[in-house]
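Visitor: Can you walk me through this protein? Keep it short, please.

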Amino acid sequence: MKKFRRIVCMISGLALLVSVVAGCGGEGKAETKAETKAETKSAAEDGTQADAGGESSSDPIKIALYGPLTGNNAQYGLTYQATVNALCEKVNAEGGINGRDVAVEVFDDKNDPKEALNVANLIVSDPEIVAVIGSQTSSPTLAAAPVFEEAGLPMITPQASHVDITPTGEHIFGIASLAPFEGGVIAQRMVDDGYKKVAAIYANDDYGLNIIERWKSDVTDAGLEIVDMEEYISGQTSDFTPLLSKIKEAGAEALYIEPSYADAAMICTQMEQLEMGSVQKYACSMCYTDSFLEAAGEAAEGMKVCNFLYPETTDETFLALKKLLEEKTEMDNIDVYATNSHDAFMLLVDAMKEVGTGGDAIAGWLADVKDWPGACGPITFDETRHPDKQLFWFQVEDGKFNYLGQ
């Protein structure tokens, strides 16, 4: 049991964008946190009703949320923020956590591992923060997770799914399935659809490299011919035509596109310009978002996208979340980023209602949870501290995601 937090070691003059949502009533505007605390206090950890940072029971319980609020992946982080803010407001209106309000402090890691590491050090320097949600992609999460584990601070990532994240330690959990699982499902769909010559274009980052290996292995084992595989640097590559021209020349019948929605939209648009309409496009769950449809427009038509959420579900938890977000936000399509951030936040809330704010107690409660009612279905964490998930298939038709089945 660690009873201390690391004192942050920061480069002089570093400015991190954070938005503080006091009592969850903020508008999410970015503010600069110019100073950090040089001294930390030990959190009381009696395993039942420990107070955050040793403060009185009337003080708010602080949860940190970090993710990309700016840059190419901002839509994902902003979805986390809007969802958690709405849930926090609802929890407080219903009495908070055993009578104490919840406050969420939001940090922008800009989808950058170095920035995520700085954010993590800043978070653990605040003894009032008792748990963490984040980040969105694997590379920033891999950078930050060891800092939280060393501090004994529970962290749940809503979406990052690299196989090496949760092995960081017993305080680290993930809501999404492991990345290789999704890669295997996409490979099987290509096999089932009858394609023989396939290709892939993927981001050269931790997530992309993790998921593409499973896809490559599965399509090869199934006897498909991989005619080309092209990698690029996410956030830096904007002209994909040289890579796509190679794929076209190689005679690919189907293409797996493994990037964020912003990159995928550019790829689809440039495929249209290169007259690659006969190539069937496949994408992972990162593209199941209204932002992708808006950015890609007609170029997205026909793309097949897998997703962990079936929007027509009658699940009570999902419907309650959908109703809340329709009332409190401008979201039209409740995607997996909303459902997974819901699950991360509400799991922490329920854990603290049962066992208090001690880091070890929260992690122990999470590890033992069985069939907890998540917005994407019941959650039971396995030995990897990830839950089992189901994937559903959709195809873009007339600018909308049309459900195809599992």
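**A quick tour**

Guide: Buried residues make up 56% of the 406 residues in the protein. Buried means under 20% relative accessible area, exposed over 50%, partly exposed in between, with a 1.4 Å probe and protein chains only. This is a predicted model: local features need pLDDT of at least 70, side-chain atom pairs count only at pLDDT 80 or more, and totals for chains, interfaces and linings use all residues. Residues are numbered from 1 along each chain as its sequence is written, and side-chain values use heavy atoms, leaving out hydrogens and water.

Visitor: How many helices and strands?

Guide: The protein has eleven helices and 16 strands. They are DSSP runs numbered from the N terminus: helices are H or I, at least four residues, and strands are E, at least two.

Visitor: New topic. How many aromatic pairs are there?

Guide: The whole structure holds 15 aromatic pairs. Rings of Phe, Tyr and Trp (its six-membered ring) pair if their centres lie within 6.5 Å; planes under 30 degrees apart are stacked, over 60 edge-to-face, the rest tilted.

Visitor: Why does the pair Phe 392 and Tyr 403 count as tilted?

Guide: Their planes sit at 55 degrees, so the pair is tilted, and the ring centres are 6.3 Å apart. Phe 392 is in strand S15 (residues 392–397), and Tyr 403 is in strand S16 (residues 400–405), eleven residues apart.

Visitor: Is Phe 392 buried or exposed?

Guide: Phe 392 is buried, at 10% relative accessible area. Tyr 403 is partly exposed, at 32%.

Visitor: Which cluster are they in?

Guide: Phe 392 and Tyr 403 belong to one aromatic cluster, with members including Tyr 288 and Phe 401.
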